[in-house]
Amino acid sequence: MKVTPIEGEWFRFHVLSQEGNGTYLVDLENYDLNGECDCPHFRCRLEPLLKERGRSDATRCKHINAAVNMWFDRVARMVVRCVEKQVCGNEDRKQQDQAADAS
Ligand SMILES: [Zn+2]
């Protein structure tokens with residue numbers, strides 16, 4: 001399934017419908033991070049369920065799930081880079097401290 005992040009946005013994606021007749025807009029931030037999609041399945045079946053009982057495993061359509069996968073990849077990579085930088089930053093500082101102690 002083709003998922004395209006919307007430029008400059010963190011939570012919104014265009015997802016190509018599997019039937020190939022257009023794209024759906026997915027906004028992962030909505031419904032307390034359940035996500036919202038404008039496909040008929042979500043609008044007619046999942047959205048009423050969400051409003052009635054709150055989010056569950058069953059309240060994400062395949063388009064939301066596809067967008068969640070891409071979101072995870074993007075954000076996880078950023079977190080990995082951030083953690084690596086922090087770890088390296090701390091090592092640098094430790095080495096500097098040791099150098100200062102030695103002198
Ligand atoms: Zn959908």
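Helix H2 (residues 40-53) has 14 residues, which at 1.5 Å a residue should span 20 Å; its end C-alpha atoms are 19 Å apart, which agrees. The expected span is 1.5 Å times one less than the number of residues. This is a predicted model: local features need pLDDT of at least 70, side-chain atom pairs count only at pLDDT 80 or more, and totals for chains, interfaces and linings use all residues. Residues are numbered from 1 along each chain as its sequence is written.

**Overall fold**
- The protein chain has three helices and four strands, where helices (H or I, at least four residues) and strands (E, at least two) are DSSP runs numbered from the N terminus.
- From the N terminus on, the order of elements is β-β-β-α-β-α-α.
- Of the 103 residues, 17% count as buried, meaning that 20 or more other C-beta atoms, placed from the backbone, lie within 10 Å of the residue's own.

**Helix H2**
- A kink of about 40° lies at Leu 46, shortly before Pro 48; the bend is the angle between axes fitted to the seven residues ending there and the seven starting there.
- Phe 42, Leu 46 and Leu 50 are the buried residues of H2, and they pack against helix H1 (30-33) and strand E4 (36-37).
- Gly 54, with a positive phi near 85°, follows H2.

Definitions and conventions: A residue is buried if 20 or more other C-beta atoms lie within 10 Å of its own, exposed if 12 or fewer, and partly exposed in between; C-beta atoms are placed from the backbone. Two residues are in contact if their C-beta atoms, placed from the backbone, lie within 7 Å.
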